[in-house]
Amino acid sequence: MIQKYYEKYKDIIPYGIFGVLTTLVNIGAYWVLAHLLHYTTMPATILAWIAAVLFAYVTNRKWVFHSKASSSREIATEIVSFFACRLATGVVDWLCMFVFVDMLHFNDVLIKAAANVLVIILNYIASKLFIFRS
C-alpha cells in the first residue's frame, strides 16, 4: 500500500520538500535584503526571486522531475522554459507584494509567505505540464 502511494505521489513529495526549501530561500533572502540591508520592497522581492529560482531549477531538475535532458539544446530549452514559467509566476509574487505591502501596508513577510503558497502551486503545474514532461 505504501508503494502504491509512493508511485502515485513520487513527484509531489520531493516537490513539496524542495518547494518549502525554495520558499525559505525566497523569504530568507527577502528578509535579509529588506530588513538587514534596507532594500525597498520591489528590489528585495526581485533579488530574492532570482535566488529562489536558481535554487529551484537545480533541485527540480535533479531530484523532483529527474530530467533526462542531456544535450546542450535540450538543457537550454529546459532552462528557458523553466525561467519563463517562473517569470510568469514571479509576476504574481511581485504584484502581491506591490498591492498588499506597498499600497495597502500589510505585513511584508506574511504577504511574502502567502504569495509563495500560490506561486508553488502554479509552478508545480507549469513544471509538470510544460517543462519536465516525460
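Mentor: Start with the rings. Rings of Phe, Tyr and Trp (its six-membered ring) pair if their centres lie within 6.5 Å; planes under 30 degrees apart count as stacked, over 60 as edge-to-face and the rest as tilted. Ring pairs link Y15, F65 and Y124 into a cluster. The structure holds nine aromatic pairs. One of them joins F82 and F83, edge-to-face, at 6.0 Å centre to centre and with 70° between the planes. F82 is buried, at 0% relative accessibility. F83 is partly exposed, at 27%. Here buried means under 20% relative accessible area, exposed over 50%, and partly exposed in between (1.4 Å probe, protein chains only).

A word on the basis. This is a predicted model, where local features need pLDDT of at least 70 and side-chain atom pairs count only at pLDDT 80 or more, while totals for chains, interfaces and linings use all residues. Residues are numbered from 1 along each chain as its sequence is written, and side-chain values use heavy atoms, with hydrogens and water left out.

Now the chain. It has five helices and zero strands. Helices (H or I, at least four residues) and strands (E, at least two) are DSSP runs, numbered from the N terminus. Of its 134 residues, 38% count as buried. The C-alpha trace spans about 45 × 40 × 20 Å along its principal axes.

On a 1 Å grid over the protein atoms alone, a cavity is a set of points where a 1.4 Å probe fits but cannot get out; lining residues have an atom within 4 Å of a point. Grid points are joined across faces, edges and corners, and a volume is the space filled by probe spheres set on the points. The count is one cavity of 30 Å³ or more. The volume of the largest cavity is about 170 Å³. It is lined by 17 residues, of which T22, A56, R86, V119 and N123 are the closest to its centre. Two or more lining residues come from each of α2, α3 (41-64), α4 (72-103) and α5 (108-131). Helix α2 gives the most, with six.

Finally, a residue of that helix. N26 sits in α2 (residues 12-36). N26 counts as buried because its relative accessibility is 4%. Beyond its neighbours within four places in sequence, N26 is in contact (heavy atoms within 4.5 Å) with A48, W49, A52, D93, K112 and N116.

Key. On a 1 Å grid over the protein atoms alone, a cavity is a set of points where a 1.4 Å probe fits but cannot get out, and a pocket is an open set with protein on both sides within 12 Å along at least five of seven lines; lining residues have an atom within 4 Å of a point.
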